[in-house]
Amino acid sequence: MADVKVLVVDDSLTMRVLISGALERIKGVQVVGAADGAAEARKMVDQYRPEVMTLDVEMPGMSGLEYLAEIMEERPMPVIMFSTRTAAGAAESVEALRLGAIDCFPKPKVAVQAELDAIIGKLGKRIKSARNADLKRGKAAKGRKGPVADINWNGRLLAIGADAANTQALFDLFQNFPANCPPTLVVQQMSPGLLTPMIEQLREQIAPKVVEATDGMKVEQGTIYFAPQGETHMVVDTWPNGTLRLLAREPVAGERPSISLLFASVAKAAGGNGLGVLLALDDEDGSAGLRAMLAGGAYAIGRNGTDFTLNKGAVSQPVAGDAIFANIVKLCSK
């Protein structure tokens with residue numbers, strides 16, 4: 001397979017050199033250009049046709065967020081953001097993910113190669129998987145929608161697995177959720193510093209209650225529970241009248257919290273009253289959990305390229321990406 005062509009955009013010459021040099025050492029990655037801002041980046045995009053872009057969040061003139069919004073509206077491509085990750089930077093990183101960036105990485109605190117090398121392995125993996133990113137053209141919706149019709153809930157427990165690249169999809173999905181949505185358990189693979197500002201944004205924009213899960217928390221209708229990042233796995237013990245448990249165990253498929261562990265716990269606790277939705281494209285963590293849900297008699301919605309497949313036992317049917325909410329409502333209503 002040909003090398004992934006990457007364009008580096010950063011207003012700092014030092015950072016452009018460091019990032020470009022680090023990326024060039026990754027097998028399968030080719031840096032085709034380095035731009036100092038949006039104006040130069042536009043020219044290089046036309047000239048070099050990059051497949052992935054790395055973009056600084058904070059830049060003079062047109063900010064990285066403004067340029068990202070332009071890219072996703074006019075010429076969508078996988079974009080990985082670099083952020084200072086201060087408290088304000090974390091909020092900006094979440095906004096970048098909501099706009100359609102596939103991930104955010106911390107900018108080195110000190111402009112030296114050793115600082116960048118600490119994250120280069122994960123960055124390289126993210127760039128290589130970015131070719132298959134599911135990108136949307138158009139402006140990302142923001143703000144609470146009008147009232148959403150309540151559902152006549154049938155007792156089904158919903159579990160969702162996602163990664164940072166699915167942040168926009170999660171916002172779009174949850175903006176359709178009514179205040180009395182089915183109890184929803186979410187494992188999203190993202191950096192620990194981004195979960196709190198993401199929950200804060202969701203609380204402002206959607207009708208259901210949104211919380212970061214704690215050990216022993218009761219699972220109730222009308223609430224979306226996000227697994228804490230980095231230290232524990234989240235599972236549910238029983239269903240109905242379930243309780244969340246946070247387990248300090250080793251990572252699964254390199255991830256903690258694990259999508260597969262959550263899905264497997266839902267399959268064991270809820271059986272046919274469970275529904276798993278895997279939004280993440282990379283199936284290293286999640287696909288085993290979907291298989292467990294199917295074995296337990298639950299419904300499972302997983303990716304099939306850029307679209308999805310609804311599975312129940314050995315039966316499957318295609319589901320368009322924009323029809324996931326409709327299928328969740330159908331499966332979770334009497």
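## Lining of the largest cavity

In this predicted model, the lining of the largest cavity consists of 8 nonpolar residues, with no polar and no charged ones. The residues that line the cavity are Ile 151, Phe 177, Pro 178, Cys 181, Pro 182, Phe 325, Ile 328 and Val 329.

The space inside the largest cavity comes to about 40 Å³. A search of the whole structure for cavities of 30 Å³ or more finds 1. Rolling a probe the size of a water molecule over the atoms shows where empty space is left.

## Aromatic pairs

Across the whole structure, a search finds 5 aromatic pairs. One of them joins Phe 174 and Phe 177 in an edge-to-face arrangement, with 5.1 Å from centre to centre and 75° between the planes. Phe 174 is buried because its relative accessibility is 0%, and buried means under 20%. Phe 177 also counts as buried, with a relative accessible area of 1%. Phe 177 is among the residues that line the largest cavity.

Phe 174 also forms an edge-to-face pair with Phe 226, at 6.4 Å centre to centre and with 90° between the planes. Phe 174 belongs to helix H6 (residues 167-174) and Phe 226 to strand S9 (residues 223-226), so this pair ties together parts that are 52 residues apart in sequence. Both Phe 174 and Phe 226 are buried.

## A cluster of rings

Ring pairs link four residues into a cluster: Phe 174, Phe 177, Phe 226 and Phe 325. Two members of this cluster, Phe 177 and Phe 325, are also found in the lining of the largest cavity.

## The annotated aspartate

For Asp 56, an unreviewed UniProt entry gives the feature "modified residue: 4-aspartylphosphate". In the model, Asp 56 is part of strand S3, which covers residues 52-56. Asp 56 has a relative accessible area of 3%, and therefore counts as buried, since the cut-off is under 20%.

Which residues does Asp 56 touch, not counting residues up to four places away in sequence? The contacts of Asp 56 are Val 9, Asp 10, Asp 11, Gly 64, Met 81, Phe 82 and Lys 107.

Definitions and conventions. Residues are numbered from 1 along each chain as its sequence is written. This is a predicted model: local features need pLDDT of at least 70, side-chain atom pairs count only at pLDDT 80 or more; totals for chains, interfaces and linings use all residues. Side-chain values use heavy atoms; hydrogens and water are left out. On a 1 Å grid over the protein atoms alone, a cavity is a set of points where a 1.4 Å probe fits but cannot get out, and a pocket is an open set with protein on both sides within 12 Å along at least five of seven lines; lining residues have an atom within 4 Å of a point. Grid points are joined across faces, edges and corners, and a volume is the space filled by probe spheres set on the points. Ala, Val, Leu, Ile, Met, Phe, Trp, Tyr, Cys and Pro count as nonpolar, Asp, Glu, Lys and Arg as charged, and the others, Gly among them, as polar. UniProt positions are given in the numbering used here, feature names are shortened, and annotations may be inferred rather than shown by experiment. Helices (H or I, at least four residues) and strands (E, at least two) are DSSP runs, numbered from the N terminus. Buried means under 20% relative accessible area, exposed over 50%, partly exposed in between (1.4 Å probe, protein chains only). Contact means heavy atoms within 4.5 Å. Rings of Phe, Tyr and Trp (its six-membered ring) pair if their centres lie within 6.5 Å; planes under 30 degrees apart count as stacked, over 60 as edge-to-face and the rest as tilted.
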